[in-house]
Amino acid sequence: MKNINFNLNKIKNYTTTKDLLSLGLYNKDIKLLCDIDKLIKIKHGLYRKIDTNLKEQNFIDISMAMPKGVICLLSALVYYKLTTFIPKKITISLPRGIRKPQEFYQKYQVFYMKDNIYKTNINVIKEGKYSFKIYDIERTICDCFKYRNKIGIDILKESFNEYLKLKNKNISKLIKIAKQLKVEKILTSWLTAKL
């Protein structure tokens, strides 16, 4: 561990066990770096430097750990400022058949989706050289209707009302996505009541 300070400067913000070993560190050194809060173990074989300071750190961590993961539902509502609810878990979608990591340093909830539904209306948000995927705002509202029994009617009402206040809302796009997700009937009935 003599060269630990020298090696710390060479460690990338996100790094793998293989990268760390190639810098001359040993497994015990990597464990020590985690113990002394220089590295965070994101999942098996993936680490992040503790001083990495990104605006959407949690979402980028998820993206690094699960590249096919798409931020959805409650986490997307928070990102778009459509709810005052603070979720205890990051909510992500994955295509069916993709395994989630056995180990991850944060609590998260996965919603598995059919491939054609999973791929609908994904935005890629960049932060420097990193990025994460998130469903666009209309898709997020439609997902809330689809999963209303899981997220709760109060959150659905709040987020729907906040969406309707937006100047850049796109009702025709909202209805088009609602058709794809098979929630058009309930969504249009709510729209009729509000507009």
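Colleague: Where is Asp37 found in this predicted model?

Modeller: Asp37 lies in the loop between helix H3 (27-35) and strand S2 (39-43).

Colleague: Which loop holds Lys81, and what is the phi of Lys81?

Modeller: Lys81 sits in the loop between helix H5 (73-79) and S5. Its phi is near 60°, again a positive value in a residue other than glycine.

Colleague: Why is Lys81 called exposed?

Modeller: Exposed means over 50% relative accessible area. Lys81 has 68% relative accessibility, so Lys81 counts as exposed.

Colleague: And why does Lys107 count as exposed?

Modeller: The cut-off is over 50%. Lys107 has 63% relative accessibility, and therefore counts as exposed. Lys107 is in the loop between strand S5 (90-95) and strand S6 (108-113).

Colleague: Which residues form a positive surface patch?

Modeller: Lys88, Lys89, Lys100 and Lys107 form it.

Colleague: What makes that patch positive?

Modeller: Lys counts as positive, and the four residues named, Lys88, Lys89, Lys100 and Lys107, are lysines.

Colleague: Why is Lys157 called partly exposed?

Modeller: Buried is under 20%, exposed is over 50%, and partly exposed is in between. Lys157 has a relative accessible area of 42%, so it is partly exposed. Lys157 belongs to helix H9 (residues 153-165).

Colleague: How far apart are Lys157 and Trp190 in sequence and in space?

Modeller: They are 33 residues apart in sequence. In space the C-alpha to C-alpha distance is 9.4 Å.

Colleague: Which residues of H11 are buried?

Modeller: In helix H11 (residues 184-194), Leu187, Trp190 and Leu191 are buried.

Colleague: How do you know that they are on the same side of H11?

Modeller: From the arc. They cover only 100° around the axis, so they lie on the same side of H11. An α-helix has 3.6 residues a turn, so residues three or four places apart point the same way.

Colleague: What does the face turned away from the buried side of H11 carry?

Modeller: That face carries the exposed residues Lys185, Thr192 and Ala193.

Colleague: How do you know that helix H4 is mostly covered?

Modeller: By the count. H4 (residues 57-65) has nine residues, and seven of them are buried. Among them are Phe59, Ile60 and Asp61.

Colleague: How much of the protein chain is buried?

Modeller: Buried residues make up 45% of the 195 residues.

Terms used: Residues are numbered from 1 along each chain as its sequence is written. This is a predicted model: local features need pLDDT of at least 70, side-chain atom pairs count only at pLDDT 80 or more; totals for chains, interfaces and linings use all residues. Side-chain values use heavy atoms; hydrogens and water are left out. Patches are made of residues with over 30% relative accessible area and no salt bridge: like charges are joined within 9 Å, nonpolar side chains (Val, Leu, Ile, Met, Phe, Trp, Tyr) within 5 Å. Accessible areas come from the Shrake-Rupley method with a 1.4 Å probe; for residues, only the protein chains shown count as cover. A salt bridge is a side-chain nitrogen of Lys or Arg within 4 Å of a carboxyl oxygen of Asp or Glu. The place of a charge is taken as NZ of Lys, CZ of Arg, CG of Asp or CD of Glu. Helices (H or I, at least four residues) and strands (E, at least two) are DSSP runs, numbered from the N terminus. Buried means under 20% relative accessible area, exposed over 50%, partly exposed in between (1.4 Å probe, protein chains only). The arc is that of the directions from the helix axis to the C-beta atoms.
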